[in-house]
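Please look through the model shown below before reading on.

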Protein chains: 2
Amino acid sequence: MLSEFSLIDRFFARRATAPSPRFDDEAATPLGIGDDCALIAPPAGHQLAISTDMLVEGRHFFADVDPHALGHKALAVNLSDLAAMGAKPHAFTLALALPRADEAWLEAFSDGLFALAERHDCALVGGDTTSGPLNLCITVFGDVPDGTALRRDAAQPGDDIWVSGTLGDARAGLGAIRGEWRAPDDATAADWKRALERPEPRVALGLALRGVAHAALDISDGLAGDLMHILKRSGMRAVVDADSVPCSDAVRALPDAARRACALAGGDDYELCFTAPVDARDTLANIATRVKVPLTRIGTIESSGAPGIVWRDASGAPLSLTLQGFDHFHAD
Amino acid sequence: MLSEFSLIDRFFARRATAPSPRFDDEAATPLGIGDDCALIAPPAGHQLAISTDMLVEGRHFFADVDPHALGHKALAVNLSDLAAMGAKPHAFTLALALPRADEAWLEAFSDGLFALAERHDCALVGGDTTSGPLNLCITVFGDVPDGTALRRDAAQPGDDIWVSGTLGDARAGLGAIRGEWRAPDDATAADWKRALERPEPRVALGLALRGVAHAALDISDGLAGDLMHILKRSGMRAVVDADSVPCSDAVRALPDAARRACALAGGDDYELCFTAPVDARDTLANIATRVKVPLTRIGTIESSGAPGIVWRDASGAPLSLTLQGFDHFHAD
């Protein structure tokens, strides 16, 4: 059995690095793991964007999840919040409650975690480890130039509403695991599982959207619920063409109710939903090509005293949908 | 049953505030709860000190703990890390896994949390709530002028070693709950319980020690283990007069073995241990008076190739002590 300190040292501290030099200046040496606090500072004229997410066994992942995938996802969901603000990843802390110090599990978990962290130049700068029911809490730090963060309260009347990638594959994967439906073939089953377990945070897209998008967020709890956050904070309503919401072919082939549950209310997608003025369409087409992420226009922002979503089908006819975002105290 | 969002709104978001104005400038409006990320920035010439702690039922607190005390302690242990760096509290995030949304429990917990937060002008700026076995993860942010943080690696040969307050009451309280010993009277039992459940982070002391102390940390896992962190990182050894370690009268009255277990290796004290040059003694006496926290000199730093603690008794005779700091995968 490893002690707490040798566990931290073996799987985390040795792979942790001082925050990258771009946060450095001569007066401010950054300090990472091993002191009471980490010390970091954003560059002059920048703010630090901070987000925290807690992942719990049985709620956010299954007990038998591949620990490598779990390490990836624990950081990915946090990087996704930075992406949604247009912030550049810089550092993170990890707090970890473990039922036991299982070396093979920890090795795979930390491999998955650091593979993603290194890809985004995001340094582990501190943390905490304890015994207890499995629980992962990551707090992530990014930097964004003053005044350029993509906020939820900035949607404007007439804005287009955009979504990145495709929606619903993660929820389709969950449904397949639960036996709600079956994947049509093994390749699709693998795609769905990957969408559920290894979401790719849209960091490059978030950075490219600075100065282009008005409001933005990441879709973690389902399009319908998350878009409502933008609408409430911006005091706007949305008219959305439900059939234009981008889906993979496999999700599109599901029965209507299942397809809409996945695409419009499925959680865990971690795509970005954002609004942008009509005259940004060409710029957004270029951005989509440059960052290699498809962008799809799904509707329009309208001024309104009562925030809400008006759903229409491809012909423009009104659709009545009862959808609910993911709620950790109600869903499932 | 409250939904996740109404729970956040009712007990936390309404009491959360935008970070205090001292972090403001015209270009950088801080953003608190309700967006993907919080946005904060330390003042020019300052670094952000960051610490994270995770508290788990059965390990850091008992299932029947007073939730008001738990709210206090969850933030206190994090503020203590800021104090140990000489950082001024600014903001925190809270991630919370709850087995159920119990309104009375949440009201008392948030009351305890915000009472301490408001006392230290420390704003809740973000968080996450989920269902799951009870788990609290707080990440705290403070600011410290560049180059003035109290680090663990800065002890110098000849430094005095100092401890604030008294050590061992929290461990004595734990021992009383476990039946290892009994408090001599009800007043002492209450003192011990308060030490265990409501530690007071030494924030004012930490700020006063900037530019005076060399190395510092907070004693969360017991003096012996925590002092070793300073010694290892500074490459020094310590000669400590075990009998000079400050204790309450009630701890001092315990049998020798119990007294030393409490005072020298007991966890959860959250006092500061620091080193300072001999010529700072008068300054430290003034600081002790000003911040109303007793400071006691317990030993000396010596240069050494092998970090370690040499224990002596009041007469200077060597003591052989086998002590171990608190380790979440071994202790108890």
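Is R171(B) buried or exposed? With a relative accessible area of 16%, R171(B) is buried, where buried means under 20% relative accessible area, exposed over 50% and partly exposed in between, for a 1.4 Å probe and protein chains only. This is a predicted model, in which local features need pLDDT of at least 70 and side-chain atom pairs count only at pLDDT 80 or more, while totals for chains, interfaces and linings use all residues. Residues are numbered from 1 along each chain as its sequence is written, chains are lettered from A and ligands numbered from 1 in the order in which they are written, and side-chain values use heavy atoms, with hydrogens and water left out.

R171(B) belongs to helix 4 of chain B; helices (H or I, at least four residues) and strands (E, at least two) are DSSP runs, numbered from the N terminus. Apart from its neighbours within four places in sequence, R171(B) is in contact, meaning heavy atoms within 4.5 Å, with R178(B), E180(B), W181(B), A261(B), C262(B), G266(B) and G267(B).

On the side of helix 4 of chain B the contact is made by D169(B), A170(B), A172(B), G173(B), L174(B), A176(B) and I177(B), and on the side of helix 5 of chain B by W192(B), A195(B) and L196(B). These residues divide into eight nonpolar, one polar and one charged.

In the loop between helix 9 (256-265) and strand 9 (271-276) of chain B lies Y270(B), whose phi is near 60 degrees, a positive value in a residue other than glycine. Y270(B) is buried, with a relative accessible area of 8%. In chain A, the loop between helix 9 (256-265) and strand 9 (271-276) holds D268(A), which has a positive phi of about 70 degrees although it is not a glycine. D268(A) is buried at a relative accessible area of 19%, and its contacts beyond four places in sequence are K73(A), A170(A), A195(A), L196(A), I219(A) and S220(A).

An unreviewed UniProt entry places the feature "binding site" at H60(A), D268(A) and F326(A); such annotations may be inferred rather than shown by experiment. The UniProt annotation "binding site", again from an unreviewed entry, covers D36(A), S51(A) and D81(A). D36(A), in the loop between helix 1 (4-12) and strand 1 (38-40) of chain A, counts as buried at 5% relative accessibility, and among the residues that it touches are S51(B), D81(B) and R152(B). S51(A) is found in strand 2 of chain A and counts as buried at 5% relative accessibility, with contacts including D81(A), D36(B) and C37(B).

Notes
Nonpolar A, V, L, I, M, F, W, Y, C, P; charged D, E, K, R; others polar.
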